[in-house]
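This briefing is meant to be read alongside the sequence and coordinates.

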Amino acid sequence: MSRAAARPGAAAREGSERRRANDASAVVIVLNWNGWRDTLACLAALENDPDGVRHVVVVDNGSTDGSRERIAAWAAEQAAGHGPCAAAAEGGAADPSGRIAFASARCTLLALPHNAGFAGGVNAAIDHVLATLPAAPYVFLLNNDAIPARSCIAACVAVAEQQDAAVVGAVIKDPAGERVLFAGGEFPRELFRRAPAPRAVLGEHWPVDRTNGCAMLVRTDLLRRRRAEDGFCLDPALFLYGEEIDLCVRAKRWGFNVLMAGGAVALHAVSKSAGPLLPHYYLTRNRIYLARRLLPPWQRRLFHLWFAPSRVVMMLRWRLHGRRDVCRAIRDGLRDGYRGRQGPWIR
């Protein structure tokens with residue numbers, strides 16, 4: 001007689017654990033804004049991760065380039081064949097938001113009437129997932145211009161299951177897969193620097209202060225708590241950039257584990273979807289907002305003493321290179337940050 005059979009209920013518990021492990025997969029959220037070509041390449045790459053993907057939710061963020069029609073046509077073709085949007089999975093036809101433009105067993109396309117930013121678009125997708133797939137244990141945020149390597153999502157899920165982590169990030173590499181661009185962020189240090197220096201891959205998993213929203217697994221119980229306590233999952237005031245810093249810091253203060261998964265890799269062309277100017281504006285403005293929200297008083301004072309002069313020096317450097325457009329983006333970000341302006345950049 002096996003030890004499992006000798007213990008009352010042990011076999012049932014072990015069977016339940018095996019079923020839970022087999023069901024452990026993520027609903028992938030991909031945000032599109034006037035980038036249907038990148039989005040279709042990203043969706044096609046998900047075919048390399050059949051064990052990690054439970055469902056795919058694509059959000060078209062008010063595109064004006066025909067993205068919604070092209071993505072819906074592609075998804076319909078996949079649903080009729082054997083692509084990543086074809087296999088059966090649980091799902092509901094309910095549409096509490098009235099935003100569904102296409103739905104199959106494995107893929108849903110939500111169409112927003114205007115560009116709600118990264119936070120707004122992802123929040124719409126998360127609300128849809130929590131309402132229609134309440135049993136889903138994880139969502140995976142994936143940039144539309146990122147290509148997940150084979151079993152990227154499954155590797156993140158495995159780390160989350162084994163280490164009881166609520167947030168697990170993939171290692172971000174350049175499009176050739178040769179150079180590590182991101183392997184974990186340090187808070188609050190990175191508020192004082194324009195971008196964190198790339199870190200080495202440290203093993204199967206390692207703790208960090210934040211992951212990268214380009215390719216990030218998040219447990220749905222954390223998202224439910226965030227929505228219940230703060231009224232949102234990602235802070236819509238940020239609009240673009242910094243949302244993962246805010247979420248990860250909040251998660252760690254609640255006692256959740258935040259890890260990187262060394263076996264999960266996503267390839268990313270940095271700022272391809274945002275363009276050359278938006279990062280300069282939003283990374284300037286939103287760091288002021290995050291410093292006000294997340295730093296204790298003494299660190300906040302130090303931040304403000306350093307930050308504004310450092311941006312002026314940065315503008316002078318860009319001016320010497322003839323990039324007045326970058327100078328204006330930084331200037332606007334600095335001005336709007338200290339004025340408390342939120343949402344999209346009004347130029």
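Two strands are said to pair if DSSP finds at least two bridges between them. In this predicted model, strand E1 (residues 26–32) and strand E2 (residues 53–61) pair in the parallel sense over 7 bridges.

- Because 7 of the 7 residues of E1 are buried, the strand is largely enclosed by the rest of the structure.

**The chain as a whole**
- The protein chain contains 11 helices and 11 strands, and buried residues make up 52% of its 347 residues.
- Of the contacts in the chain with a separation of 6 or more, 77% are accounted for by residues 24 or more positions apart.

**Helices H9 and H11**
- The axes of helix H9 (residues 278–294) and helix H11 (residues 324–339) come within 7 Å and cross at roughly 20°; since angles under 35 degrees count as roughly parallel, H9 and H11 are therefore roughly parallel to each other.
- The crossing of H9 and H11 is right-handed, and the contact is made on the H9 side by His280, Tyr281, Thr284, Arg285, Ile288 and Arg292, and on the H11 side by Val326, Ala329, Ile330, Asp332, Gly333, Leu334, Asp336, Gly337 and Tyr338.
- Sorted by class, the contact of H9 with H11 has 7 nonpolar, 4 polar and 4 charged residues.
- His280, which lies in helix H9, has a relative accessible area of 7% and is therefore buried.
- The C-alpha atom of His280 is separated by 9.2 Å from that of Arg331, although the two residues are 51 residues apart along the chain.

**Helices H5 and H7**
- Helix H5 (residues 117–132) and helix H7 (residues 220–230) pack at an angle of about 110°, with their axes 11 Å apart, and that angle makes H5 roughly perpendicular to H7.
- The crossing of H5 and H7 is left-handed, and in their contact Ile126, Asp127 and Leu130 of H5 meet Thr220, Leu223, Arg224 and Arg227 of H7.
- By class, the contact of H5 with H7 comprises 3 nonpolar, 1 polar and 3 charged residues.

Methods: Residues are numbered from 1 along each chain as its sequence is written. This is a predicted model: local features need pLDDT of at least 70, side-chain atom pairs count only at pLDDT 80 or more; totals for chains, interfaces and linings use all residues. Side-chain values use heavy atoms; hydrogens and water are left out. Axes are lines fitted to C-alpha atoms, for helices over the stretch in contact, and angles run from 0 to 180 degrees between N-to-C directions. Helices (H or I, at least four residues) and strands (E, at least two) are DSSP runs, numbered from the N terminus. Angles under 35 degrees count as roughly parallel, over 145 as roughly antiparallel, 65 to 115 as roughly perpendicular and the rest as oblique. A crossing is left-handed if the near helix is turned anticlockwise from the far one by less than a right angle, and right-handed if clockwise. Contact means heavy atoms within 4.5 Å. Ala, Val, Leu, Ile, Met, Phe, Trp, Tyr, Cys and Pro count as nonpolar, Asp, Glu, Lys and Arg as charged, and the others, Gly among them, as polar. Buried means under 20% relative accessible area, exposed over 50%, partly exposed in between (1.4 Å probe, protein chains only).
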